[in-house]
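Hi there,

Here is the structure I promised to pass along.

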Amino acid sequence: MLFLAIAATAWMMLHQAQHSVSGASQHNVAFNLGYQHAQRLKVAAARAAMDVLGMAGADKQGAGATASYQTDYRLQRMQIQADSLGLERWGANDRRHQGLLLEIRASLVDLNAALDQAAGSSVSTGSLGKVPLLPALNRAESAFSNYAASLTEPTQLQATHYLFASPVLLWWLLILLLIESAALTWVVFAT
């Protein structure tokens, strides 16, 4: 019985320490709509840039390869538009991250202009001039990553109530483990 009590106490201590280090469950952030939009924007932006580069190289291979890239490019541009609108709506309620959301907005303007220019679109980019694709993509990817990372901070997660949430509990468990160890030592050496 004493061994079982020591094992249970040690397990609770390790579980409490792990929870203290991790802050809160990563499971909760997966249901955050802002996080989901940022992750989908990240993938769609990278794929759209790859499609634009593929279209430039596929011109030499023929119309079939170009059509494949163009189809995926249009799909990724629609995904970027949908998720940027979704993030705009979500951002209206996210007062803590307004600076990061502004950076995402600005980087999306540059990225869309760079994609249009690289794809040879006739859409006017206004006063932006020539926008290089890879730096615009890097800026946008950084903005998406920074926003998503800010949502995974323990203070931002809405963690569920946890059985071992008190840091004081760790000290009580340590004291209980010492008492149990002393009792085990007494049982072993008393006989």
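**How α3 and α6 pack**

Helices α3 and α6 are roughly antiparallel to each other, since a crossing angle over 145 degrees counts as such and theirs is roughly 165 degrees. Please keep in mind that this is a predicted model. The axes of α3 (residues 33–58) and α6 (residues 133–151) come within 9 Å, and the crossing is left-handed. On the α3 side, the residues making the contact include Gly34, Leu41, Ala45, Ala49 and Leu53; on the α6 side, Leu137, Phe144, Tyr147 and Leu151 are among them. Sorted by class, this contact has 14 nonpolar, 3 polar and 2 charged residues.

Beyond its neighbours within four places in sequence, leucine 87 is in contact with Gly34, His37, Leu41, Leu101, Ile104 and Tyr147. Take leucine 41: 46 residues separate it from leucine 87 in sequence, while their C-alpha atoms are 9.4 Å apart.

As for the whole chain, there are 7 helices and 0 strands. Of the 191 residues, 33% are buried. Among contacts with a separation of 6 or more, 77% join residues 24 or more positions apart. The chain exposes about 11800 Å², with carbon and sulfur atoms supplying 65% of that area.

Note on methods:
Residues are numbered from 1 along each chain as its sequence is written. This is a predicted model: local features need pLDDT of at least 70, side-chain atom pairs count only at pLDDT 80 or more; totals for chains, interfaces and linings use all residues. Side-chain values use heavy atoms; hydrogens and water are left out. Contact means heavy atoms within 4.5 Å. Helices (H or I, at least four residues) and strands (E, at least two) are DSSP runs, numbered from the N terminus. Buried means under 20% relative accessible area, exposed over 50%, partly exposed in between (1.4 Å probe, protein chains only). Accessible areas come from the Shrake-Rupley method with a 1.4 Å probe; for residues, only the protein chains shown count as cover. Axes are lines fitted to C-alpha atoms, for helices over the stretch in contact, and angles run from 0 to 180 degrees between N-to-C directions. Angles under 35 degrees count as roughly parallel, over 145 as roughly antiparallel, 65 to 115 as roughly perpendicular and the rest as oblique. A crossing is left-handed if the near helix is turned anticlockwise from the far one by less than a right angle, and right-handed if clockwise. Ala, Val, Leu, Ile, Met, Phe, Trp, Tyr, Cys and Pro count as nonpolar, Asp, Glu, Lys and Arg as charged, and the others, Gly among them, as polar.
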